[in-house]
Amino acid sequence: MANTNIRDLKVFEFNRALSYVSEILEIERKKAKLQREWYAIQGELKQWDTELKSSSSYTKDEISIIQSFMESINARKAEIDKEQDDLNEYEDELEKLVKKVLEFVIVEGEYFALTKEEIQESFAEEYIYILTEIKLDNNSTDIFISDLFEHKSDLILLLYDVYGREQEELISDIADADPEEEFENSFYDYFSLNKEI
């Protein structure tokens, strides 16, 4: 009975970690969106700066308006920098939480792997993120497919059900992967950060 309760607790905690990973992915997408905005603003500033330097036909009032406009653009750029710093800090905290939970759940020598019934379709991306991006601090090791899934085929079927042929490369890579070895590719090799938030 005690083992079942510990198992239930580990599954519960693991699912909680998946929610944190969802937040991490949302943060990554927000950061990517902010980065695109930052580059667009940078390009716009360069165009206005070039325009001001190359044209002598502007009146003092027009130059003042353009400079004021450029100052407001620079202010937005500073806001983006601050937002990105805040997001990075929050993401670091979430990643620490995820690692702590995973260290509790995946204890060396104790079998954890999720059964088919315990796998949640809504966390397909999160499973891949954990497999490809998270290293446990206690021994700087990757998390293997066999650590998370009782049968590798359950993960493959989940990904096929969720993505169909859209993630054929990922499905193929998982099918070919040794379940007890490091997963070679990055999460970002398969999933775009340009997805709408």
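**A helix pair and its surroundings**

Mentor: In this predicted model, helix α5, which spans residues 152-163, packs against helix α6, residues 168-176, at an angle of about 175°, and the axes of the two helices are 10 Å apart. Because angles over 145 degrees count as roughly antiparallel, α5 is described as roughly antiparallel to α6. On the α5 side the residues that take part are Lys152, Leu155, Ile156, Leu159 and Tyr160, and they meet Leu170, Ile171, Ile174, Ala175 and Asp176 of α6. Sorted by class, this contact holds eight nonpolar and two charged residues, with no polar residue.

Asp176, which belongs to the α6 side of that contact, is also one of the residues that line the second largest pocket. That pocket holds about 180 Å³ of space, and its lining includes Asp173, Ala177, Asp178, Phe183, Asn185 and Tyr190, along with Glu181, Glu182 and Glu184. By class the pocket lining has six charged, three nonpolar and one polar residue.

As for the chain around this part, it contains six helices and two strands, arranged along the sequence in the pattern α-α-α-β-β-α-α-α. Its radius of gyration is 23 Å, well over the 16 Å that the globule rule gives for 197 residues, so the chain is more spread out than a compact globule. Taken along the principal axes, its C-alpha atoms fill a box of roughly 80 × 35 × 25 Å.

Conventions:
Residues numbered from 1 in each chain as written. Predicted model: local features only at pLDDT ≥ 70, side-chain atom pairs only at ≥ 80, totals over all residues. Heavy atoms only, no water. Axes fitted to C-alpha atoms, helices over the stretch in contact; angles between N-to-C directions. Helix = DSSP H or I, 4+ residues; strand = E, 2+ residues; numbered from the N terminus. Parallel < 35°, antiparallel > 145°, perpendicular 65-115°, else oblique. Contact = heavy atoms within 4.5 Å. Nonpolar A, V, L, I, M, F, W, Y, C, P; charged D, E, K, R; others polar. 1 Å grid on protein atoms, 1.4 Å probe; cavity = no way out; pocket = protein on both sides within 12 Å on 5 of 7 lines; lining within 4 Å. Points joined across faces, edges and corners; volume = space filled by probe spheres on them. Rg over C-alpha atoms; globule rule 2.2 N^0.38 Å.
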